[in-house]
Amino acid sequence: MGETKVIRIEDVSEFVGQTVKIGVWLRQKRGSGKIAFLQLRDGTGFMQGVVSVGDVDEATFKLAEHLKQESSFYVTGEIHRDSRSEFGFEMAVSNIEIVGESEDYPITPKEHGTDFLFDERHLYLRHQKPFATMKIRDEIIRAIYDFFHKDGFLKLDSPIITDSAPEGTTELFPVKYFDKDAYLSQTGQLYAEAGAMAFGKVYDFGPTFRAEKSSTRRHLTEFWMIDAEMAWMHQEDSLKVQERFIAYLIERVVDNCQVELKMLGRDVEKLRAYTKLPYPRISYDDAVKLLQDNDFKIEWGVDFGSPEETFLAKRFNSPFFVVNFPKAIKAFYMKRHPSRDDVVISADMLAPEGYGEIIGGSERDTDYDYLKQQIISQHLDLSEYSWYLDLRKYGTVPHSGFGLGLERLIRFIAGEDHIRETIPFPRTLNRLHP
Ligand code: 4AD
Ligand code: MG
């Protein structure tokens with residue numbers, strides 16, 4: 001007789017009727033004196049193991065009865081298809097070999113508060129909701145690379161330590177860089193612009209940092225951003241890239257994460273509807289009018305808050321763009337409107353159902369003197385942007401780009417209440433541990 005094959009739960013469907021061995025942890029158990037039902041997980045999936053008095057020796061049955069939550073062991077047994085089981089398969093257990101004991105695991109089957117769960121995040125990651133969310137995160141990350149690769153983009157990484165503050169100076173994390181002052185990057189965009197002039201179409205993907213003093217459901221202080229930048233491209237074509245990009249990411253999750261979406265209670269048909277293109281566009285002007293007509297006390301010139309975004313989202317019931325924001329509330333590099341000096345050629349993509357902004361982008365101004373003036377008037381240090389101005393000095397071309405917040409997108413696709421659920425170890429105003 002050969003050795004019993006060691007497999008993973010995600011592959012059990014290929015081993016129906018066979019005896020196999022799996023390295024598992026115990027999630028929960030219940031049973032009577034004659035039978036024990038073990039809820040097992042191995043990191044690739046979940047399944048039930050059934051231990052019956054008649055099938056195993058007495059010592060093994062005793063062992064099964066005394067297993068503690070999150071103890072680790074090898075379990076051996078025959079795989080059965082089981083339509084009553086929520087995972088479709090069961091193991092009729094014939095042997096158990098303990099590997100690691102577990103005493104007083106803190107996250108018990110009773111309800112726990114969110115703060116507690118995030119204090120225990122290093123353990124909470126083992127549970128079903130984080131499991132489903134992190135699988136979706138992983139699928140989205142892979143889909144991002146696939147999309148850009150197929151679309152002819154080069155991945156060009158931007159630095160994390162920087163001396164520039166493209167999105168304004170109020171939300172910076174300072175770091176001491178030998179004897180100089182530096183910051184953690186807010187966005188890789190300016191570097192991506194240099195990249196676009198060298199490689200045509202580029203993207204970066206990395207952690208970005210904002211010292212957000214507000215604690216909301218959609219702000220992290222450390223989050224992952226994708227900056228995409230395209231030379232020889234005007235804003236209208238950039239919007240087309242953005243909507244194809246988001247529709248593709250949603251489609252990939254719908255196609256490959258059915259089980260995870262179900263675990264999270266996310267309606268797949270609703271998501272599928274969000275892959276229909278084009279996404280609606282509304283100008284900032286029209287959005288303000290619409291809000292005012294519906295009793296919002298918003299003045300032209302201010303940014304939208306969550307209630308405004310949620311109202312607009314209800315009108316469209318799909319991801320949508322708000323285009324041409326007031327110049328005064330946007331970053332220094334955005335392209336001037338050809339016939340108005342109070343707005344810029346910019347767009348935010350907002351997700352439906354009140355999830356809010358997921359992308360910020362614009363066409364970039366190409367004029368050396370104008371940008372120099374902008375840097376000065378926004379109180380940025382001109383010497384730090386000399387290299388950026390070089391891009392306008394040596395063969396400037398029309399170009400556009402955008403930044404997608406990974407965790408904002410996951411929150412929307414997975415239907416998460418709070419953005420902290422979407423990143424393995426969240427960093428927020430009040431959380432740096434674990
Ligand atoms: O709209 P933002 O500030 O745009 C930029 O930084 C541009 N330089 C990007 C570009 O054009 N290359 O940020 C881009 C996106 C937002 O739409 C949002 O999804 C996400 O980054 N984001 C955050 N996500 C989580 N927590 C925060 N504090 C975030 N701030 C922005
Ligand atoms: Mg923005």
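Predicted model: local features only at pLDDT ≥ 70, side-chain atom pairs only at ≥ 80, totals over all residues.
The chain has 434 residues, and buried residues make up 50% of them. Its secondary structure comes to 13 helices and 17 strands. Taken along the principal axes, the C-alpha atoms fill a box of roughly 85 × 55 × 40 Å. Of the contacts in the chain between residues at least 6 apart in sequence, 66% join residues at least 24 apart.

The largest pocket holds about 1,100 Å³ of space. It is lined by 48 residues, and those closest to its centre are E167, E171, R210, K330 and E357. Several elements give two or more residues to this lining: the strands β12 (222-231), β15 (346-351), β16 (356-364) and β17 (399-405), together with the helices α10 (306-316) and α13 (406-414). The largest share, 6 residues, comes from β16. By residue type, the lining divides into 19 nonpolar, 14 polar and 15 charged residues.

The second largest pocket has a space of about 530 Å³. Its lining consists of 21 residues, with G45, F46, F87, V259 and M263 nearest the centre. Two or more residues each are given by β4 (46-52), α4 (128-150) and α7 (258-263). Here the largest share is that of α7, with 5 residues. The lining of this second pocket is made up of 9 nonpolar, 6 polar and 6 charged residues.

Next comes a sheet. Three strands form an open sheet in the order β8-β10-β9, and their pairing is antiparallel. The strands β8 (161-162) and β9 (174-177) each have a single partner strand and stand at the edges, so one side of each is left without a neighbour in the sheet. Between β9 and β10 (residues 180-184), the antiparallel pairing runs over 4 bridges. Within this sheet, V175 stands opposite A182 in β10.

Some single residues can now be looked at. T422 lies in the segment after α13. Is this residue buried or exposed? T422 is buried, because its relative accessible area is 0%, and the cut-off for buried is under 20%. The side chain of T422 reaches the backbone oxygen of I419 at 2.7 Å. Leaving out residues up to four places away in sequence, T422 touches T133, M134, R137, E407, I410, R411 and E416.

The segment after α13 also contains P434. The peptide bond that joins H433 and P434 is cis, with omega about -5°. Another cis peptide bond runs from L277 to P278, with omega near -5°. P278 has its place in the loop between α8 (268-273) and β13 (281-283).

Two further residues have a positive phi without being glycine. One of them is W232, with phi near 60°. W232 lies in the loop between β12 and α6 (235-256). With a relative accessible area of 66%, W232 is exposed, because the cut-off for exposed is over 50%. The other is E353, whose phi is about 65°. E353 is found in the loop between β15 and β16, and both of these strands give residues to the lining of the largest pocket. At a relative accessible area of 33%, E353 is partly exposed.

Key. Residues numbered from 1 in each chain as written. Chains lettered and ligands numbered in written order. Heavy atoms only, no water. 1 Å grid on protein atoms, 1.4 Å probe; cavity = no way out; pocket = protein on both sides within 12 Å on 5 of 7 lines; lining within 4 Å. Points joined across faces, edges and corners; volume = space filled by probe spheres on them. Nonpolar A, V, L, I, M, F, W, Y, C, P; charged D, E, K, R; others polar. Pairing = 2+ DSSP bridges. Buried < 20%, exposed > 50% of the residue type's maximum accessible area, 1.4 Å probe, protein only. Polar contact = N/O pair within 3.5 Å; in protein donor to acceptor, adjacent residues only side chain to side chain. Contact = heavy atoms within 4.5 Å.
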